[in-house]
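Let's take a walk through this structure together, starting at a pocket and then heading inside.

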Amino acid sequence: MREESGLEFLGAEAEAVALLRSELVDARTGLYSFSVFMQFVELEFYRFEAYHVPFSVILFELAQTDSEPMPVEALTAAALRMKLVLRDVDVIGHAGSTPSDFGILLPGLRPAQSLVTASKALQALTASCLAPGLNKRTLRTSFGVAGLPDDGNEIDSLIRAALQARHDAEGKPLPVSCARGADR
C-alpha cells in the first residue's frame, strides 16, 4: 500500500514534486538541507541589500560529550522542539557537514534580539531528554549568533562571525554567544 502524500491532485506530477521535496528536506529531521538553508540566507541577504532590513543567523551544534553520534530520534525531537520556539517567518535547517549542525535564519531581527531566541532554543533542547537512553547531562550544545549589518556586510563574513561566536560559546555554563561586530 502506497502512502498518501497530499499531492495526489497533481496527478502524474505528484511523484516529481515528492522527489524534489525529498531533495530539499532531510528525511531524518524534516528540516531543510544545508543547501536549501543557505539559499534562504542568500535571499534574505538580497532583501537586506535592497531594503536595509536586518537579519540574524544562529548556528548551533547538538552533540554528545562522549563523541558518539546523536541518535536519529534525538535529532528529530530536537527539530520538533526548535520549531516550537520559532516564529512563522524564521527558517531552520541543517547548517554544516554533520546532521547535528543546525542553523536558524531570523529575518528582521538584530543579533541582540536573536539572543532571546537562542536562549529559548537552548531551554527547549535541554528541558528534558531528547531520546530514550540519551542522558541530557552528556548533551553538548553551543549557539553562535551574528547578523547583518552588525557583523559584516557579506554572507561569508556573517557565517564566519556566527561560527566564531559558536566556538566562543563552547564549554560555557550558558553556551550562547553573540558575535562582536566592528561597531560594538
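The second largest pocket is lined by T126, K136, L139, R140, T141, E170, G171, K172, P173 and P175. This is a predicted model, where local features need pLDDT of at least 70, side-chain atom pairs count only at pLDDT 80 or more, and totals for chains, interfaces and linings use all residues. Residues are numbered from 1 along each chain as its sequence is written, and side-chain values use heavy atoms, leaving out hydrogens and water.

Sorted by class, that lining has three nonpolar, three polar and four charged residues. Among the elements (DSSP runs numbered from the N terminus: helices, H or I, of at least four residues, and strands, E, of at least two), β4 gives the largest share of the lining, three residues.

Now for the interior. A nonpolar core is a set of buried Ala, Val, Leu, Ile, Met, Phe, Trp, Tyr and Cys residues joined through side-chain atoms within 4.5 Å; buried means under 20% relative accessible area, exposed over 50%, and partly exposed in between, with a 1.4 Å probe and protein chains only. The largest such core has 29 residues, and L130 and F143 touch the most other members. Two or more residues each come from β1 (55-64), α3 (72-85), β3 (101-107), α4 (111-126), β4 (139-148) and β5 (176-178). Of these, α3 gives the most, six residues. Another core, of 19 residues, lies apart from it and includes F55, A95, L105 and A161.

Finally, the cysteines: C129 counts as partly exposed because its relative accessibility is 36%, whereas C178, at 6%, counts as buried.

Technical notes
1 Å grid on protein atoms, 1.4 Å probe; cavity = no way out; pocket = protein on both sides within 12 Å on 5 of 7 lines; lining within 4 Å. Nonpolar A, V, L, I, M, F, W, Y, C, P; charged D, E, K, R; others polar.
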